[in-house]
Amino acid sequence: MSDDTIPGDKNTGTASFPIAGAVVGGEMKHQDEPMTEEQAVRLRQLCEKHDEAFDGNLTRQEADARIEALEKA
């Protein structure tokens, strides 16, 4: 394969597509941060609706998972 067929920046040789395991666009940047205010409001509403305890100490990722589970219940 010649260099002309490899996608990316010809000057630096960097790929223009994500490499396996690479973080793209900061997608995991906020993973361990506390849940957002919007998540807290939605989660509190769902917990009240399903008579579940509200945990205000979840991370953004944990809150997303809990919200998804409660919305499916």
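Reply: A residue is called buried under 20% relative accessible area, exposed over 50%, and partly exposed in between, with a 1.4 Å probe and protein chains only. In this predicted model, buried residues make up 15% of the 73 residues in the protein chain.

Me: How many helices and strands does the protein chain have?

Reply: Helices (H or I, at least four residues) and strands (E, at least two) are DSSP runs, numbered from the N terminus. The protein chain has 2 helices and 0 strands.

Me: At what angle do α1 and α2 pack?

Reply: Axes are lines fitted to C-alpha atoms, for helices over the stretch in contact, and angles between N-to-C directions run from 0 to 180 degrees. Helix α1 (residues 37-49) packs against helix α2 (residues 60-72) at about 35 degrees, and their axes are 10 Å apart. Contact means heavy atoms within 4.5 Å; α1 contributes Gln39, Arg42, Leu43, Leu46 and Cys47, while α2 contributes residues including Ala63, Ile67 and Leu70.

Me: Is Gln39 buried or exposed?

Reply: Gln39, which lies in helix α1, is buried, with a relative accessible area of 9%. Leaving aside residues up to four places away in sequence, Gln39 touches Arg60, Ala63, Asp64 and Ile67.

Me: Which conventions apply to the model?

Reply: Residues are numbered from 1 along each chain as its sequence is written, and side-chain values use heavy atoms, leaving out hydrogens and water. Local features need pLDDT of at least 70, side-chain atom pairs count only at pLDDT 80 or more, and totals for chains, interfaces and linings use all residues.
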